[in-house]
Amino acid sequence: MQDVRIDINKTNVYNEVSKTSAYIGSKLMHVDAGSYSRLFVTDEDYLMLERFWCEACNVVTDLLKPFIVDVNGTHAMSNSLQIGDNYIVTLLLPDNYDNTLTSSIENSLHNFFVSAIIGKWFRLAANKEESETYLTEAGKMLENVRRMLYHRRKPIRIRPTTN
């Protein structure tokens, strides 16, 4: 068995949410003049996003539960999950887990957090069409992570050399 550490930086996620919400808001201005101010995430909105961050952390923790050793410094058997600035999880995976997938898992989880938060934000900001698109994308990211976690390297057979 091997430990694998995944670190999702909340500041990076929030920056991506902010950039994406601004972009979508500006693109929709030709249809709805108030879309930019309604969709763009401001500093005052981060308190609301914190709830969405915590919800996304809980979803990811539930997905990773079979493998979790530690989440944000809290032992997996503890009942209290402390959400810090980042989502840091240590997983215990089998020896035949393909380590080359770790960065892909981390990227997919980062994208999940961004899509899930944007989807919930857009639902709140009365942009239900875009909301469903982002929430569907978030679900696809989680499915992708699940597939990578259960993917195993094929054993390498060593053939004896003959003289």
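Tutor: Let us begin with a term: contact means heavy atoms within 4.5 Å. The model before us is predicted. By that criterion Ser 108 touches Met 141, Asn 144, Val 145 and Met 148, leaving aside residues up to four places away in sequence. Ser 108 itself lies in helix H4, residues 102-124.

Student: Why is Ser 108 called buried?

Tutor: A residue is buried when its relative accessible area is under 20%. Ser 108 has a value of 7%, so the term applies.

Student: What makes H3 and H5 roughly parallel?

Tutor: Helix H3 (residues 46-64) and helix H5 (residues 128-150) pack at an angle of about 25 degrees, and their axes are 11 Å apart. Angles under 35 degrees count as roughly parallel; H3 and H5 are therefore described in that way. The crossing of H3 past H5 is right-handed.

Student: Which residues of H3 and H5 meet?

Tutor: From H3 come Val 59, Val 60, Leu 63 and Leu 64, and from H5 come Leu 142, Val 145, Arg 146 and Leu 149. Seven residues of this contact are nonpolar, none is polar and one is charged. Among the buried residues of H3 are Val 60 and Leu 64, both of which also take part in the contact with H5.

Technical notes: Residues numbered from 1 in each chain as written. Predicted model: local features only at pLDDT ≥ 70, side-chain atom pairs only at ≥ 80, totals over all residues. Heavy atoms only, no water. Axes fitted to C-alpha atoms, helices over the stretch in contact; angles between N-to-C directions. Helix = DSSP H or I, 4+ residues; strand = E, 2+ residues; numbered from the N terminus. Parallel < 35°, antiparallel > 145°, perpendicular 65-115°, else oblique. Left-handed = near helix turned anticlockwise from the far one by under 90°. Nonpolar A, V, L, I, M, F, W, Y, C, P; charged D, E, K, R; others polar. Buried < 20%, exposed > 50% of the residue type's maximum accessible area, 1.4 Å probe, protein only.
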